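Here is a friendly walk through one protein model, going from the whole chain down to a few individual side chains. Please keep the structure open as you read.

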Amino acid sequence: MAAFRQAAEVVERDGDLMVDVKTYDAPSGRVVTRRTIVRGGQVRRMEFSVRPFTLRELAGWLEEAGFGEVRAYGAEGEPFGLLSRRMIAVGQVAGATAARPTPRWPAAGPGG
């Protein structure tokens, strides 16, 4: 199995720990996470995986469903790129005029 192991991510909160070790499985295109949680002296281990979609794949599905131009944005509405944490894909109904979507979340302002 061709895999790429990333560095572990460790989160500590109120003396409890969560450790995630992620491996990318190239043949399946899945990110496998092995999670260890230490809470109150008890240790739990679990494993789960996700298959992230590529922009090309998601845009193809939207176009097959009848949408025209597909645009992609990052979590804060910026253009989608390699370092984006999230991908928001917006497809225009064929024949409709394209407009940049207004985010449904408030922008961080003073005190936010």
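This is a predicted model: local features need pLDDT of at least 70, side-chain atom pairs count only at pLDDT 80 or more; totals for chains, interfaces and linings use all residues.

Numbering starts from 1 along each chain as its sequence is written, and side-chain values use heavy atoms, with hydrogens and water left out.

**Overall layout**

The protein chain has 7 strands and 1 helix, where helices (H or I, at least four residues) and strands (E, at least two) are DSSP runs numbered from the N terminus. Following the sequence, the order is β-β-β-β-β-α-β-β.

Of the 112 residues in the protein chain, 16% are buried. Here buried means under 20% relative accessible area, exposed means over 50%, and partly exposed lies in between (1.4 Å probe, protein chains only). The accessible surface of the chain is about 8700 Å², and carbon and sulfur atoms hold 55% of that surface. Accessible areas come from the Shrake-Rupley method with a 1.4 Å probe, and for residues only the protein chains shown count as cover.

Among contacts with a separation of 6 or more, 18% join residues 24 or more positions apart; a contact means heavy atoms within 4.5 Å.

**Salt bridges**

Side chains of opposite charge can pair when their charged atoms come close. How many salt bridges does the whole structure hold? The search finds 5, a salt bridge being a side-chain nitrogen of Lys or Arg within 4 Å of a carboxyl oxygen of Asp or Glu. Three of them are listed here.

| Salt bridge | Closest N to O |
|---|---|
| Arg39 and Asp16 | 3.6 Å |
| Glu57 and Arg51 | 3.2 Å |

Arg39 counts as exposed because its relative accessibility is 59%, whereas Asp16, at 22%, counts as partly exposed.

In the bridge between Glu57 and Arg51, Glu57 is partly exposed at 25% relative accessibility, and Arg51 is partly exposed at 32%.

Asp25 is found in strand S3, and its side chain makes a polar contact of 2.5 Å with the side chain of Ser28. A polar contact is a pair of N or O atoms within 3.5 Å; within protein, one must be able to donate a hydrogen and the other to accept it, and residues adjacent in sequence count only if both atoms are side-chain atoms.

**A surface patch and a loop residue**

Met46, Phe48 and Val50 make a nonpolar surface patch of about 230 Å². Patches are made of residues with over 30% relative accessible area and no salt bridge, with like charges joined within 9 Å and nonpolar side chains (Val, Leu, Ile, Met, Phe, Trp, Tyr) within 5 Å. Met46 sits in strand S5 (residues 42-50) and counts as partly exposed because its relative accessibility is 33%.

Finally, look at Asp14, in the loop between strand S2 (9-13) and S3. Its phi is near 50°, a positive value in a residue other than glycine. Asp14 is exposed, with a relative accessible area of 73%.
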